[in-house]
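Colleague: I have a new model open and would like to learn how to read it. Please take me through it step by step.

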Amino acid sequence: MTIDQLLEKFQKIISTPAESPSPPFNESGETVEILLQTNSMRILVIRESVNPQTVNLEVEVWLPNRNPNTFDTESQTAETERDDEDLSTSLSRMIDHLQYLLKLQQSGFTLDVIKHDCLWTASKSFTETPSRDLFELLVPP
């Protein structure tokens, strides 16, 4: 997704009046809409019923799903080699995503990690539309 597409989708999401959101508020009094999602990350736009003029952006990054190992001994060697290659690729992508999170943190986002799920989050609240520079940072690696 390009910066312009990301910005356009964000504008469309926040232009929906908070009083009659689509989707409706959840049990926590929030609307949560996906701005962008890949196999290892997503960007959410969150608005609260108590403070509808504030928009929260939350970026979630996790390890990409991998196929479970097979226990078939005849194909185990080929599977192990493929898994090692997949793991190497996954590790490289995770490093890219961690560097992405670091840039967001350096731009004022708050980082958090949910250790049990190996889920990293970066979040920031805005009362005005973020600058184009911010959307340049949000484009995933």
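Colleague: Where is the place of glutamate 60?

Modeller: Start with how elements are named. Helices (H or I, at least four residues) and strands (E, at least two) are DSSP runs, numbered from the N terminus. Glutamate 60 lies in strand β3. One caution: this is a predicted model, where local features need pLDDT of at least 70, side-chain atom pairs count only at pLDDT 80 or more, and totals for chains, interfaces and linings use all residues. Residues are numbered from 1 along each chain as its sequence is written, and side-chain values use heavy atoms, with hydrogens and water left out.

Colleague: Is glutamate 60 buried or exposed?

Modeller: Buried means under 20% relative accessible area, exposed over 50%, and partly exposed in between (1.4 Å probe, protein chains only). Glutamate 60 has a relative accessible area of 9%, so it is buried.

Colleague: With which side chain does the side chain of glutamate 60 make a polar contact?

Modeller: First the rule. A polar contact is a pair of N or O atoms within 3.5 Å; within protein, one must be able to donate a hydrogen and the other to accept it, and residues adjacent in sequence count only if both atoms are side-chain atoms. The partner here is the side chain of arginine 42, at 2.6 Å. A plain contact means heavy atoms within 4.5 Å. Leaving aside neighbours within four places in sequence, glutamate 60 is in contact with residues including Leu44, Leu119 and Trp120.

Colleague: Where is threonine 54 found?

Modeller: Look at the loop between β2 and β3. Threonine 54 counts as buried because its relative accessibility is 12%. Its side chain makes a polar contact with the side chain of asparagine 51 (3.0 Å). Not counting residues up to four places away in sequence, threonine 54 touches Ile46, Arg47, Ser125, Phe126 and Thr127.

Colleague: What is the relative accessibility of isoleucine 43?

Modeller: The value is 0%, so isoleucine 43 counts as buried. This residue is in strand β2. Its C-alpha atom is separated by 4.4 Å from that of valine 59, 16 residues apart along the chain. Among the residues that isoleucine 43 touches, not counting those up to four places away in sequence, are Ile34, Leu57, Tyr100 and Leu138.

Colleague: Which residues of α1 are buried?

Modeller: Recall the general idea. An α-helix has 3.6 residues a turn, so residues three or four places apart point the same way. In α1, the buried residues are Leu6, Leu7, Phe10, Ile13 and Ile14. They cover an arc of only 125° around the axis, which puts them on the same side of α1. That arc is taken from the directions from the helix axis to the C-beta atoms. Glu8, Lys12 and Ser15 are exposed on the other side. The buried residues of α1 pack against β1 (30–37), β2 (41–48), β3 (55–62) and α3 (132–138).

Colleague: How many helices and strands does the protein chain have?

Modeller: Three helices and five strands. From the N terminus on, they run α-β-β-β-α-β-β-α. Buried residues make up 32% of the 141 residues.

Colleague: Over which residues does pLDDT stay under 50?

Modeller: pLDDT is the predictor's confidence in each residue, from 0 to 100. The stretch is residues 66–78, for which the model has eight contacts beyond four places in sequence. Where pLDDT is low, the predicted coordinates should not be read in detail. Over the protein chain, the mean pLDDT is 82, and 79% of residues reach 70 or more.
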